[in-house]
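Biologist: Hi! Could you walk me through a few spots in this structure?

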Amino acid sequence: MEDKGRWQIMTHTYLISVRPVWASAFFLTHSPKTIELRKGSFGASLQAGDTIVIYATLPERKAIGTVKVIKRESLTVDRLWELSQHGRLAKVSRSQFDDYYASQESGVGVWVSAAELFPSPIALSQLRQNWGHRWQPPQQIQQLNDDRIAALNIAHAHIANIIERYCVKRNLTP
């Protein structure tokens, strides 16, 4: 949780499905991907400080790591292209961007930082073993409850946020 004076802001953990080429780009050592581009109302509940688990889709089919949300904005496609530094922050070319946003007036940018690869990727079969055999990766985004987060065994920095989630208001008396 983030301390904002007297109140603390609760953070949440989400899982998103990303094609492998763009999923791995978050974890590059030099010039990593720092913005996820999406359409519609993607991630409308995302807040600064939230954690996103990155799930690499076929053929990988693995949760590979986490990123922290800096901000989420719905913008015109032209403005999104500008703010993505002409695709550099999203690791997309102009033609990829134009193809993705064809017939769209606006798009969503989710700015992220603090990318952390899992020590070992978590395969779809292992996720299903922990979360139920019928579990399917989301087409867009899925908020994870505490049981699913614990089953992921997410790195140390994120566990502290989960534990603190139950204490919304700090006691400021000495």
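**Contacts and rings**

Biologist: Which residues does lysine 62 touch, leaving out those up to four places away in sequence?
Modeller: Lysine 62 touches Ile54, Tyr55, Ala56, Pro121, Ile122 and Ala123, where contact means heavy atoms within 4.5 Å. This is a predicted model, where local features need pLDDT of at least 70, side-chain atom pairs count only at pLDDT 80 or more, and totals for chains, interfaces and linings use all residues. Residues are numbered from 1 along each chain as its sequence is written, and side-chain values use heavy atoms, with hydrogens and water left out.

Biologist: Is lysine 62 buried, partly exposed or exposed?
Modeller: Lysine 62 is partly exposed, because its relative accessibility is 29%; buried means under 20% relative accessible area, exposed over 50%, and partly exposed in between (1.4 Å probe, protein chains only).

Biologist: New topic: how many aromatic pairs are there in the whole structure?
Modeller: A search finds six. Rings of Phe, Tyr and Trp (its six-membered ring) pair if their centres lie within 6.5 Å; planes under 30 degrees apart are stacked, over 60 edge-to-face, and the rest tilted. Tyrosine 55 and tryptophan 135 make an edge-to-face pair, with 6.5 Å between centres and 85 degrees between planes.

Biologist: Are those two buried or exposed?
Modeller: Tyrosine 55 is buried at 3% relative accessible area, and tryptophan 135 is buried at 6%.

Biologist: And which residues do ring pairs link into a cluster?
Modeller: Trp81, Phe97, Tyr100 and Tyr101.
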